[in-house]
Amino acid sequence: MNTRKAFTLIELLVVIVIIGILVSLTMPALNMARSAARKIQCTNHLKQFGLAFAGYEAHNGGYPPTRSSNKRSSWTLALLDYLELGNVASAYDETKTFVEGEKNQELMRKRIPLFQCPATPLPDRLQYLTGGNTATKVADATGISTGDAAGYAQGTCTDYYTHHKSIYMPDGRTCTNPLAGFESITPVGDITDGLSNTIVLDEMAGRPNRWAVGKRDIDYNSGSSTKAGECGNQPYWCSWGGCASNTLAAWDERGQNAFSAANNTKDYCVRVVNATNDGVYSFHPAGANSLFLDGSVKFISQLVIPDVFLAMSAKDSGKAFTLGDLEKRTLSELYPKKVDPTGLGRSF
């Protein structure tokens, strides 16, 4: 006679509890592995851009401008052939802007994974634009624009941006971004700080939705040019085929520009990374990726000292900062003589 006993209810519950505990222990490790994989993939995206910049420079004698004055070209479009996206480049109608014509609009609505960081939520984000390039719609939490989008041009958003204006340093100086504006090509000789010390692309992920310190900032409104919850700094250049450039500045914990005249106060807390995606921002833990003109990609901590990051984002800062300075976290490490060269009177 078979005398084998079946599992009792208590034994079954014990087994289920043990399995649950094992799953809970492994989930953080799995999430960390996924996060690391997304970070590596983002790094590889930027390295491809680095190769494309090098190819463009070798073929044209310099680096591409941020955009053309007639808004019919940009650095993103200029690099397509060097990103093995020649089919997209050949389909683009250069007689029109990126918001004009069904041909260009079909391309702008196309999501190109290379232009997006895999860690960023809502990959199908669309920026809605009028023909005059003024942002009038903002994607909601589902990635679909609020309101009726009929009659508006559309562009799938990018997460990688260059700088389109001068870079304002903490010491009051104004320096120049690596890529020239409009039709000008930037020769290598103009990068006086050196290719390995000059950042050309940063993550400014999640646009056009505004994010601040890890959360959707749905109530933010910077003025009449934007809607609530929308980035306030050139939001209409979020499309991968648009200018894809932005002003670079330091921000305080409230998302305000910390280097404005009203905010140059003693011991003012500023950040240049992961404060708000009006500036440099990513969905990687504790920092963001940046591409240097020598083709290298560095993960920049959100604790980086603004003096160093802003200087390395200019082509002519004249500062003797090194890559090792990106790892310093206090002013006393950066300035051993304990003299603040900015004149802001910051304490050490």
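Let me start with strand β11, where both faces are covered: Gly 287, Asn 289 and Leu 291 on one side, and Ala 288, Ser 290 and Phe 292 on the other, are all buried. What we are looking at is a predicted model, and I would ask you to keep that in mind throughout. Since 6 of the 6 residues of β11 are buried, the strand is largely enclosed by the rest of the structure.

Let me turn to the neighbours of this strand. With β7, strand β11 pairs in the antiparallel sense over 3 bridges, and within that pairing Ile 199 has Phe 292 of β11 as its bridge partner. With β12, which covers residues 297-301, the pairing is again antiparallel and runs over 5 bridges, Ser 290 standing opposite Lys 298 of β12. The hairpin formed by β11 and β12 has 4 residues between the strands, and there Gly 295 takes a positive phi near 95 degrees.

Which residues touch the most other members of the largest nonpolar core? Among its 63 residues, these are Phe 49 and Phe 53, and the helix that gives the most to this core is α1, residues 9-60, with 6 residues. If we leave aside residues up to four places away in sequence, Phe 49 touches Trp 75, Leu 79, Leu 83, Leu 114, Phe 115, Tyr 160, Leu 201 and Leu 291. As general background, nonpolar side chains in soluble globular proteins tend to be buried together.

Next come the charged pairs, of which the structure holds 5 in the form of salt bridges; I will discuss some of them. Arg 125 forms a salt bridge with Asp 159, with the closest N and O atoms 2.7 Å apart. This pair links distant parts of the chain, 34 residues apart, since Arg 125 sits in the loop between α4 (102-108) and β1 (126-129) and Asp 159 in the loop between β3 (153-156) and β4 (160-163). Both Arg 125 and Asp 159 are buried.

A second salt bridge joins the side chains of Asp 278 and Arg 210, at 3.0 Å from N to O. Here too distant parts of the chain are linked, 68 residues apart, with Asp 278 in the loop between β10 (245-246) and β11 (287-292), and Arg 210 in the loop between β7 (199-203) and β8 (211-212). Asp 278 and Arg 210 are both buried as well.

For Glu 327 and Arg 329, the side chains meet in a salt bridge at 3.8 Å, N to O. Is Glu 327 buried or exposed? At 53% relative accessibility, Glu 327 counts as exposed, because the threshold for that class is over 50%. Arg 329, with a relative accessible area of 30%, is partly exposed.

Finally, the cysteines. How many disulfides does a search of the whole structure find? The search returns 0. Cys 117 is in no disulfide, and its nearest cysteine sulfur, that of Cys 42, lies 3.8 Å away, whereas a disulfide would need the sulfur atoms within 2.5 Å. Cys 117 is buried, with a relative accessible area of 3%, and for Cys 175, which is also buried, the value is 3%.

Conventions: Residues are numbered from 1 along each chain as its sequence is written. This is a predicted model: local features need pLDDT of at least 70, side-chain atom pairs count only at pLDDT 80 or more; totals for chains, interfaces and linings use all residues. Side-chain values use heavy atoms; hydrogens and water are left out. A salt bridge is a side-chain nitrogen of Lys or Arg within 4 Å of a carboxyl oxygen of Asp or Glu. Helices (H or I, at least four residues) and strands (E, at least two) are DSSP runs, numbered from the N terminus. Buried means under 20% relative accessible area, exposed over 50%, partly exposed in between (1.4 Å probe, protein chains only). Two strands pair if DSSP finds at least two bridges between them. A nonpolar core is a set of buried Ala, Val, Leu, Ile, Met, Phe, Trp, Tyr and Cys residues joined through side-chain atoms within 4.5 Å. Contact means heavy atoms within 4.5 Å.
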